[in-house]
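Please look over the model shown here.

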Amino acid sequence: MSKAREQICFTAKVARPKGVDNAPWAFLNLPKEASDNLPSRGMTTVEGTVNDFPFVVTLEPDGLGGHWMRVNRDLLDQCGAKAGDTVKIAFSPVSVEPEPKVPADFLQALDAAEPNAKATWESTTAVARRDWIFWVTSGKKAETREKRIGVAISKMSAGSRRPCCFDRSGMYDKSLSCPVDADE
């Protein structure tokens with residue numbers, strides 16, 4: 001079995017995100033050894049189990065060379081876990097990255113774009129489309145997001161297949177990080 005499909009197993013503490021009251025999700029930090037066995041320092045989609053309940057999720061980089069995992073309310077309920085509990089995780093990277101969900105405003109801009117932009121978008125990989133979406137949606141202000149949509153369409157019209165200078169790991173520009181545990 002290749003490294004990309006090996007089962008990665010560990011235990012981790014479920015945490016509540018600080019500053020997000022009544023969050024419908026929790027998170028956990030992957031141990032360094034688990035992140036080191038992933039094929040990328042950037043976002044990586046995995047499939048596996050939490051306390052033997054199945055899931056598919058895209059892990060996010062923590063900006064330090066590792067990863068963190070968002071655990072939605074449904075999965076927390078299914079596996080009987082809550083913030084503060086330690087859970088058993090087993091997963092492996094998916095063999096084919098799933099198609100990302102395109103936000104409505106970005107999709108509308110793509111639909112209205114000139115043919116070159118549409119052709120570039122359609123010829124990129126699911127990972128590249130996820131990078132475009134993440135770059136567009138990671139702006140903190142509505143104006144930033146709107147501007148990034150315009151820039152993305154312009155770049156794709158010119159044939160750019162990925163956002164320029166986007167650090168997928170967050171290690172260099174510190175744009176990506178793990179939430180902070182509300183209980184620490």
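The text that follows treats the nonpolar cores, then the loops, then the cysteines of this predicted model.

**Nonpolar cores**

The largest nonpolar core holds 23 residues, and the members that touch the most others are Phe10, Leu28, Leu30, Met69 and Phe91. Two or more residues of this core come from each of strand E1 (8-13), strand E2 (25-29), E3, E4, strand E5 (67-72), helix H2 (73-79) and strand E6 (86-93). In soluble globular proteins, nonpolar side chains tend to be buried together.

Setting aside neighbours within four places in sequence, Leu28 is in contact with Phe10, Ala12 and Lys13, with Trp68, Met69 and Val71, and with Val87 and Ile89.

**Loops on either side of strand E3**

Pro39 sits in the loop that runs between helix H1 (32-36) and strand E3 (44-50). Beyond residues up to four places away in sequence, Pro39 touches Thr44 and Pro93. Pro39 and Pro93 are separated by 54 residues in sequence, yet their C-alpha atoms are 7.8 Å apart.

The loop between E3 and strand E4 (53-61) contains Asn51, and Asp52 lies in the loop between E3 and E4 as well. Neither residue is a glycine, but Asn51 has a positive phi of about 50° and Asp52 has a positive phi of about 75°.

| Residue | Relative accessible area | Class |
|---|---|---|
| Pro39 | 55% | exposed |
| Asn51 | 23% | partly exposed |
| Asp52 | 54% | exposed |
| Cys9 | 56% | exposed |
| Cys178 | 17% | buried |

**Cysteines**

How many disulfides does the structure hold? The count is zero. Cys9 is in no disulfide, and the nearest cysteine sulfur to it belongs to Cys79, 16 Å away. For Cys178 the closest cysteine sulfur is also in Cys79, at 17 Å, so the two are too far apart for a bond. A disulfide needs the two sulfur atoms to be within 2.5 Å.

Which of these cysteines is buried and which is exposed? Cys178 counts as buried because its relative accessible area is 17%, under the 20% limit. Cys9 counts as exposed because its relative accessibility is 56%, over the 50% limit.

Notes. Residues numbered from 1 in each chain as written. Predicted model: local features only at pLDDT ≥ 70, side-chain atom pairs only at ≥ 80, totals over all residues. Heavy atoms only, no water. Helix = DSSP H or I, 4+ residues; strand = E, 2+ residues; numbered from the N terminus. Buried < 20%, exposed > 50% of the residue type's maximum accessible area, 1.4 Å probe, protein only. Contact = heavy atoms within 4.5 Å. Core = buried A, V, L, I, M, F, W, Y, C linked by side-chain atoms within 4.5 Å.
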